[in-house]
Amino acid sequence: MELTELGFDSVLAGQATCGPGQRLARVTAVDRGRYVVRNEAGEVPAELTGKFLHTAVSSVDMPCVGDWVCVQYHDADSHATIHELVPRRSFLRRKSPGRNIDFQMIAANIDVAFIVQSCQFDFNVRRLERYLVMVNEGQIAPVLLLTKTDLVTPAELERMQEAIRAAGITADIIPLSNITGAGVAQVQALMQAGKTYCLLGSSGVGKTTLINQLLGHDELATGAVSGTGEGRHTTTRRHLVRLNNGALLIDMPGMRELGVMSAGEGLEDSFADIAALAASCRFADCRHNNEPGCAIRKAIESGELDVAHYQSYLKLKAESDFNEMSYLDKRKKDKAFGKMVKSVLKGR
Ligand SMILES: Nc1nc2c(ncn2[C@@H]2O[C@H](COP(=O)(O)OP(=O)(O)OP(=O)(O)O)[C@@H](O)[C@H]2O)c(=O)[nH]1
Ligand SMILES: [Mg+2]
Ligand SMILES: [Zn+2]
């Protein structure tokens with residue numbers, strides 16, 4: 001196997017600067033501080049060097065699934081140590097769950113993210129918008145998958161697709177059923193050898209079931225859903241697998257919280273319709289309240305712009321601004337603290 005078959009390309013090659021005795025490998029699984037890396041020869045367990053841990057200033061600097069790393073192999077190549085992270089070509093990150101204001105890296109070097117929602121109970125356009133912000137911010141192309149179409153009528157499915165389009169979302173939508181197999185071939189057809197894909201969505205929507213379909217056998221564990229259609233977090237670790245057609249696919253646990261932060265570009269890309277409208281307001285600094293010549297207000301009044309969609313944008317923008325401010329504040333304090341410690345140590 002060549003590294004290009006694991007997704008390596010010229011962009012990454014231009015960024016990789018491994019030291020002597022080190023080799024390139026891709027992180028294929030992460031589970032609470034334990035890693036698995038894969039190269040031409042296969043997969044082995046790996047751990048971070050002390051130096052790596054010491055120089056990592058933020059959780060964002062830690063390897064995640066999909067990352068390329070410089071590793072050293074030990075004991076007849078039976079395990080490896082991770083020395084260096086190759087700069088990411090694209091990334092998926094969110095605000096870490098709970099009150100903690102920090103980023104959490106989810107995956108890296110992804111080409112296409114499948115945003116998965118189940119037609120049964122799980123469907124929610126506002127949540128779709130959140131996923132889109134995250135995906136767009138990380139320079140990843142989104143494709144929407146609506147699963148469990150076997151549980152709804154064609155008319156219901158049609159309404160869901162209309163609701164997505166009404167929110168100005170232009171990404172491709174593939175409805176599918178893992179039970180009847182409808183739509184699965186369409187997903188398969190768009191996956192290319194050497195490109196990396198990931199599956200994002202709530203627990204129980206059928207992400208792993210779809211991967212098993214694409215693999216052609218039940219390799220990964222899937223779980224039952226409760227009466228409400230909610231999953232029970234069957235997948236617990238992020239894991240990259242290679243399909244027969246050469247495409248690389250990352251399975252992930254279902255996400256509960258999806259905080260957005262510092263998503264400037266992600267927001268503008270995901271709400272491109274709103275950005276375009278705002279650009280034609282009479283005043284460049286229009287706040288879209290009661291200013292004359294406001295294109296946003298006019299579009300809402302004429303029904304061209306969906307109010308819920310606009311409110312969702314305002315809400316995400318406020319949340320992102322707040323989180324970003326708190327994050328910058330925290331980083332400043334971290335830095336000031338570091339400086340203080342250094343000066344105290346120097347003075348001893
Ligand atoms: N009716 C129906 N059931 C499905 C479909 N896809 C998956 N399921 C069922 O939904 C349940 C959950 O599927 P999983 O593939 O484990 O869901 P997941 O998204 O991987 O969930 P987590 O790993 O918890 O994030 C299983 O019982 C599947 O058999 C589908 O298209 N239609
Ligand atoms: Mg799963
Ligand atoms: Zn305006």
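Guide: Begin with strand pairing: two strands pair if DSSP finds at least two bridges between them. This is a predicted model. In β5, Leu48 has Ile82 as its bridge partner. Strand β3 (residues 42-48) pairs with β5 in the parallel sense, over three bridges.

Visitor: Which way do β4 and β5 run, and how many bridges join them?

Guide: β4 and β5 run antiparallel and are joined by six bridges. Within this pairing, Tyr73 stands opposite Ala80 in β5. The two strands form a hairpin with four residues between them.

Visitor: What should I look for in the backbone of such a turn?

Guide: Most residues other than glycine have a negative phi. In the turn of this hairpin, Asp75 has a positive phi of about 45°. Asp77, found in the loop between β4 (68-74) and β5 (79-85), also has a positive phi, near 60°.

Visitor: Is Asp77 buried or exposed?

Guide: The test is a count of other C-beta atoms within 10 Å: 20 or more means buried, 12 or fewer means exposed. Asp77 has 12 C-beta neighbours inside 10 Å, so it counts as exposed. Asn109 has a positive phi of about 55° although it is not a glycine. With 28 C-beta neighbours inside 10 Å, however, Asn109 counts as buried.

Visitor: How should I read a strand such as β8?

Guide: In a regular strand the side chains alternate between the two faces of the sheet. The two faces can therefore be examined in turn. On one side of β8 are Val112, Phe114, Val116 and Ser118, and on the other are Ala113, Ile115 and Gln117; all are buried, and both faces are covered. Strand β8 (residues 112-118) is largely enclosed by the rest of the structure, because seven of its seven residues are buried.

Visitor: What is the sense of the pairing between β8 and β9, and how many bridges does it have?

Guide: The pairing of β8 with strand β9 (residues 141-147) is parallel and has seven bridges. Within it, Ile115 has Leu144 in β9 as its bridge partner.

Visitor: Which residues have the most contacts inside the largest nonpolar core?

Guide: They are Val69, Ala113, Phe114, Ile115 and Cys198, in a core of 75 residues. Helix α3 (residues 125-137) supplies the largest share of this core, six residues. For Cys198, contacts beyond four places in sequence are with Leu92, Ala107, Ile110, Ala113, Phe114, Ile250 and Met252.

Visitor: What does an exposed case look like, say Gly19?

Guide: Gly19 sits in the loop between α1 (10-15) and β1. Its count is 9 C-beta neighbours inside 10 Å, so Gly19 is exposed. Gly19 still touches Cys70 and His83, leaving aside residues up to four places away in sequence. From the C-alpha atom of Gly19 to that of Phe114 the separation is 35 Å.

Visitor: Which residues come nearest to ligand 1?

Guide: Gly206, Thr208, Thr222, Thr235 and Gly254 come nearest, of the 24 residues around ligand 1. By class, the shell has six nonpolar, 15 polar and three charged residues. Helix α6 (residues 207-215) gives the largest share of the shell, three residues.

Visitor: Where do the domain bounds fall?

Guide: The domain assignment gives domain 1 (3-85), domain 2 (91-251) and domain 3 (264-347). Between the C-alpha centres of domain 1 and domain 3 the distance is 35 Å.

Definitions and conventions
Residues are numbered from 1 along each chain as its sequence is written. Chains are lettered from A and ligands numbered from 1 in the order in which they are written. This is a predicted model: local features need pLDDT of at least 70, side-chain atom pairs count only at pLDDT 80 or more; totals for chains, interfaces and linings use all residues. A nonpolar core is a set of buried Ala, Val, Leu, Ile, Met, Phe, Trp, Tyr and Cys residues joined through C-beta atoms within 7 Å. Two residues are in contact if their C-beta atoms, placed from the backbone, lie within 7 Å. A residue is near a molecule or strand if its C-beta atom, placed from the backbone, lies within 6 Å of it. Ala, Val, Leu, Ile, Met, Phe, Trp, Tyr, Cys and Pro count as nonpolar, Asp, Glu, Lys and Arg as charged, and the others, Gly among them, as polar. Domain bounds come from an automatic or database domain assignment.
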